[in-house]
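Please keep the model open while reading.

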Amino acid sequence: MDRGQCDVITEHGLMRADTTPVASPDDPVQGPCTGDWAALRTGEHPAVAALLPRRTAIVRSSASQQSHGQVLAANVDTIAIAVSLAARLALGRVERLLALAWESGARPVIVLTKADRSDNPAAAEAEVATAAPGVDIVTVSATTGDGVDVAAAVLTGTVVLIGPSGAGKSTLGNALLGAELLATGAVRDQDGKGRHTTVRRELLPLPHGGVLIDTPGLRGVGLFDAEEGLQQTFAEIEELAAECRFADCAHETEPGCAVVAAIEDGTLQQRRLDSYRKLLRENDWAASRNDARLRAERENNRKAITKWQRQHYKVHGRDR
């Protein structure tokens, strides 16, 4: 999307279309995004007339810190979370992206990139696995080609690449596409961070079926109404919590707390519980802001209707 226009793929090829008819300034989540299926009004000035219901949607909090959400991609089957092995692992970021992915309704896969830059890729994979129970993890090196065939087999359907700048998303995308179609750039050696070489979302056909969506690097990923995604990401904590003596257990000093017992016997990491609590607080805060916005919108609508009624009655003499 660019200045009210978007690229639309049709049976006759690529064309530009106006998105004004389906734009939703009051709720950007309902507006068009990459991956949407749309009804197109053709002619001299093509326009998107309607959007079909989405099967899945990746939604994060707006980067502008507004109470609205922002859709990154729609109708996605597989979400490839790119994690660079050339930089220090940030398990909290992995968990955050997993919550975003699970909430979307698509299937997450963690792709550990730049394996040729790691001294011990197997150890790194084992460490990431502690933050991603039940999630497929693939280790690849686009430079040597190791693991690319495995990634291509696991990443099926409509695939979206997400992760921070410098994680190797575009390089991985080119390896999957079999051609240098996505722009790539260098990263800083000291922290593994890179510049945004992907500046807009792109959708390209994969050689063995399906399509690939490349996204710009995500500096910050705020959760937006991701309660179910968090439950799936921290499923083992949810299961332990169900065994606590008290239903409202805070997992701190309460007697009979199964979560605290699991930390004490080493079956659950304290870091994992801390991350869960942090993301829950953030998600609750985002939900409260969204609820406050909806209440304000309803109140503004009520006031507008009341004002219209008063004006209508005054014009027609009903206020006497």
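The numbered points below go from the whole chain to single residues.

1. Basis. This is a predicted model, in which local features need pLDDT of at least 70, side-chain atom pairs count only at pLDDT 80 or more, and totals for chains, interfaces and linings use all residues. Residues are numbered from 1 along each chain as its sequence is written, and side-chain values use heavy atoms, with hydrogens and water left out.

2. Overall make-up. The protein has eight helices and twelve strands. Both are DSSP runs numbered from the N terminus: helices are H or I with at least four residues, strands are E with at least two. Of the 320 residues, 41% are buried. Buried means under 20% relative accessible area, exposed over 50%, and partly exposed in between (1.4 Å probe, protein chains only).

3. Surface and contacts. Take the contacts (heavy atoms within 4.5 Å) between residues at least 6 apart in sequence: 62% of them join residues at least 24 apart.

4. Strand β5. This strand covers residues 57-61, and four of its five residues are buried, so the rest of the structure largely encloses it. β5 runs antiparallel to β6 (residues 69-74), with five bridges between them. Strands pair if DSSP finds at least two bridges between them. S61 has G69 of β6 as its bridge partner.

5. The largest nonpolar core. It holds 30 residues; I58, V76, I79, I81, I110, V128 and V160 have the most contacts inside it. Elements giving two or more residues to this core include β7 (78-84), β8 (107-113) and α2 (121-129). Helix α1 gives the most, with six residues. A nonpolar core is a set of buried Ala, Val, Leu, Ile, Met, Phe, Trp, Tyr and Cys residues joined through side-chain atoms within 4.5 Å.

6. I81 and a second core. Leaving aside neighbours within four places in sequence, I81 is in contact with L97, L98, A101, P108, V109, I110, V111 and I162. A second, separate core has 18 residues, including A258, V259, A262 and L279.

7. R96. Not counting residues up to four places away in sequence, R96 touches V221, G222, L223, K278, L279 and E282.

8. The aromatic pair. The structure holds one. The ring centres of F234 and Y276 are 4.9 Å apart and the planes are at 40 degrees, so the pair is tilted. Rings of Phe, Tyr and Trp (its six-membered ring) pair if their centres lie within 6.5 Å; planes under 30 degrees apart count as stacked, over 60 as edge-to-face and the rest as tilted. F234 sits in the loop between α5 (227-233) and α6 (235-241), while Y276 is in helix α8 (residues 270-315), 42 residues apart. F234 is buried at 0% relative accessible area, and Y276 is buried at 8% relative accessibility.

9. D214. This residue is in strand β12 (residues 211-214). D214 counts as buried, at 1% relative accessibility. S170 is 44 residues away along the chain, yet the C-alpha atoms of D214 and S170 are separated by 6.8 Å. Their side chains make a polar contact of 2.8 Å. A polar contact is a pair of N or O atoms within 3.5 Å; within protein, one must be able to donate a hydrogen and the other to accept it, and residues adjacent in sequence count only if both atoms are side-chain atoms.
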